[in-house]
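Load the model in your viewer and keep the selection panel open. The stops below are meant to be taken in order.

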Amino acid sequence: MPDFPVIDTDVLVIGAGGAGLRAAIEASAHGVRVAVVTKSLLGKAHTVMAEGGVAAALANVDDRDNWRVHFADTMRGGQYLNNWRMAEHHAKESPERVRELEAWGAVFDRTADGRILQRNFGGHRYPRLAHVGDRTGLEMIRTLQDHGIHRGMDVYMEHTIVTLLTDDGRVAGALGYDRERGRFKVFQARAVVMATGGLGRAFRITSNSWEYTGDGYALAYDAGAALQDMEFIQFHPTGMVWPPSVQGILVTEGVRGEGGILLNKEGRRFMFDDIPENYRTQTADDEEEGWRYTQGDKNARRPPELLTRDHVARCINREVKAGRGSPHGGVFLDIAWIKKRLPNGADHIRRKLPSMYHQFKQLADLDITDVPMEVGPTTHYTMGGIRVDGDTQMSTLPGLFAAGEAAAGLHGANRLGGNSLSDLIVFGKRAGEYAAEYAKTTPPARLDDGQVTRATARALAPFDRGSSGENPYAIQHDLQAMMQDLVGIVRQEAEMAQALEALRSLGERAGRAGIAGNREYNNGWHTAIDLPNLLMVSEAIARAGIERKESRGAHFREDHPAKSEEYSGFNLVIRKAADGGMTLERVPIPPLPAELAQVIQENT
Ligand SMILES: Cc1cc2nc3c(=O)[nH]c(=O)nc-3n(C[C@H](O)[C@H](O)[C@H](O)COP(=O)(O)OP(=O)(O)OC[C@H]3O[C@@H](n4cnc5c(N)ncnc54)[C@H](O)[C@@H]3O)c2cc1C
């Protein structure tokens, strides 16, 4: 074994977002030693950026809501490719998890009678998102962090895991480096929870920050775990499009939940032009009814701006392509118009959407209480990920668990807004609990010197090539541009095949990546280390995208624009073959139990 520090723990949690922290809290509560590793600073994970809210059928604002409606909404949104067991746990357990956050100190917005306030969001039948203005993630991460530290866990900030270590077909720990000094550490663990979030940085326009290079998916895949549904990448309909330096930054769906409307350059409210058949009975007939819905009228139905994200994103795309877009290639999102309806409209906007108000004021010099925003689709969320058991969250690699955006299953072909934050706390808890049980009942695994030596040699190779090697930033930039153009919001077989070709040559370039300087805070080096992960997940997206010859949820094929019955009953499962190649398999989804089928039927 090279002479690296070895941290010995029971449960290693990789990632300190909502899922990782909730898992750490639960594992710690089960009496095992817990170490949490995070690529950035504690408190900086994506979860902190979440704006709109956390979905839970608390029924505080509309007493018709309950787990059955939430379950049916989630399944319909996911186009029935969801792991129904996870969707059931999620709908049943999220209210309890939200109340628990409150008990741990989270201060949610309140109804007039002092209960947790809930707001409307796309695809949710009733107002369901518990929120703190448009800074819900901040409150959630603050609460989980405080509680986690209090409960007991060791935190390794600014440490990046570069490989999972295995022993005879089970997980044994991980190898990582610290950003500050560039030195390696070995984490020996009986169980590992992967909670590394998403992969938005595989695309040029994204709401995701620098950390989200798909590491968790690639680490799990390389160690032998299966991934699934990688074709389903969510393009959130409303990201900023101007100025160019802020392109992709998210504009929360909460804006539409509060009454914001989408307009093309002709001033037409184009979302009324295309309402999918399976949502027709739940959608407002006219603008008046849509407005009443956003103001809490229980007899009104949702405006079409609150249809699912995949649909809204495609409608925006259509307007832009047809030449009816805004000056900078988006459409207009207007919340200022509510001043015509609410006497204190400007104050209301500033109070309900403070971050959005400041975001546009500071980044675009625009007052959203006066003028519409320009918005367009941005790569936002990964529905696919590590394949897990719906009860325990264990992956197909014994001892490796996954939760949050790193795991697949709950959201099927498309995630409803707010269902991620609830996913984190429901399945973070489950992953922590079962990882702790696994750690208690399993003997320690053996560390393999060879694996550690090979992984460090791979990670350090860019230094050997020095500045005469390929620039890693240029490779990353070209990969992002290529994925945006060829595997983006509207897909075709020929273009995705071209993407696979391009990935082969980008892979060769990544093999020649070189960097100068030393190991302390060397961003070029970190980018070179991230590249194989970006390449792996991009290949998975393109291969799965080619294989699914239909349009469903977030996956839209211009050459197969309809949904196909043939593709309705399976998940696409991806594994690394013995020769290092990528295999794809259609794995049937187990039939829905009669009781859950009934729940869906009752709620259509
Ligand atoms: C702007 C924005 C707004 C959003 N708003 C909402 C909303 O209102 N409601 C909602 O439900 N969802 C929302 N989402 C989605 C939601 O925030 C995320 O899906 C969710 O927070 C992911 O949580 P997570 O715990 O899975 O991972 P994250 O919070 O993404 O955390 C991942 C962690 O893994 C670490 N990590 C990654 N790779 C490595 C590695 N190699 N080694 C060590 N550590 C690693 C990171 O440093 C980080 O600590 C929003 C997302 C964004 C970007």
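**Stop one: a hairpin turn**

Begin with the hairpin of β8 and β9, which has 2 residues between the strands; in it D168 takes a positive phi near 50 degrees. This is a predicted model. Select D168 itself: this residue is not a glycine, yet its phi is positive at about 50 degrees. Is D168 buried or exposed? With a relative accessible area of 77%, over the 50% cut-off, D168 is exposed.

Now extend the selection to both strands. β8 covers residues 159-167, and β9 covers residues 170-178. The two strands pair in the antiparallel sense over 8 bridges. Of the 9 residues in β8, 9 are buried, so the strand is largely enclosed by the rest of the structure.

**Stop two: the ligand**

How many residues surround the ligand? There are 39, and the closest are T47, G52, E211, D215 and E405. By class, the shell divides into 14 nonpolar, 19 polar and 6 charged residues.

- E211: 2.3 Å from a ligand oxygen to an N or O atom of the side chain.
- L421: 2.8 Å from a ligand oxygen to a polar backbone atom.
- G418: 3.3 Å from a ligand oxygen to a polar backbone atom.

On its own the ligand has 1000 Å² of accessible area, and the protein covers 99% of it.

Color by secondary structure next. α1 (18-29), β8, β16 (373-382) and α11 (419-441) each supply at least two residues of the shell. Which of the elements gives the most? That is α11, with 4 residues.

**Stop three: T382 in β16**

Stay with β16 and select T382, which is found in this strand. T382 is buried, with a relative accessible area of 2%. Show its contacts, leaving out residues up to four places away in sequence: T382 touches G198, L199, Y217, F232, I233 and E405. E405 was also listed among the closest residues to the ligand.

**Stop four: D10**

Go to the loop between β1 (6-8) and β2 (11-14), where D10 lies. Is D10 buried or exposed? D10 has 12% relative accessibility, so it counts as buried. Beyond four places in sequence, D10 touches V32, R33, A189, R190, A191 and A439.

**Stop five: a three-stranded sheet**

Select β4, β5 and β6. They form an open sheet of 3 strands in the order β4-β6-β5, with antiparallel pairing. β4 (54-55) and β5 (118-119) are the edge strands, each pairing on one side only. β5 is joined by 2 bridges to β6 (residues 129-130), and these two run antiparallel. R119 has L129 in β6 as its bridge partner.

**Stop six: two backbone details**

First, center on the peptide bond from W242 to P243, which is cis with omega near -5 degrees. P243 sits in the loop between β13 (233-240) and α6 (254-257).

Then move to the loop between α14 (493-511) and α15 (523-547), where Y521 lies. Like D168, which is not a glycine and has a positive phi, Y521 is not a glycine but has a positive phi, here of about 40 degrees. At 45% relative accessibility, Y521 counts as partly exposed.

Definitions and conventions. Residues are numbered from 1 along each chain as its sequence is written. This is a predicted model: local features need pLDDT of at least 70, side-chain atom pairs count only at pLDDT 80 or more; totals for chains, interfaces and linings use all residues. Side-chain values use heavy atoms; hydrogens and water are left out. A residue is near a molecule or strand if one of its heavy atoms lies within 4 Å of it. A polar contact is a pair of N or O atoms within 3.5 Å; within protein, one must be able to donate a hydrogen and the other to accept it, and residues adjacent in sequence count only if both atoms are side-chain atoms. Accessible areas come from the Shrake-Rupley method with a 1.4 Å probe; for residues, only the protein chains shown count as cover. Ala, Val, Leu, Ile, Met, Phe, Trp, Tyr, Cys and Pro count as nonpolar, Asp, Glu, Lys and Arg as charged, and the others, Gly among them, as polar. Buried means under 20% relative accessible area, exposed over 50%, partly exposed in between (1.4 Å probe, protein chains only). Two strands pair if DSSP finds at least two bridges between them. Contact means heavy atoms within 4.5 Å.
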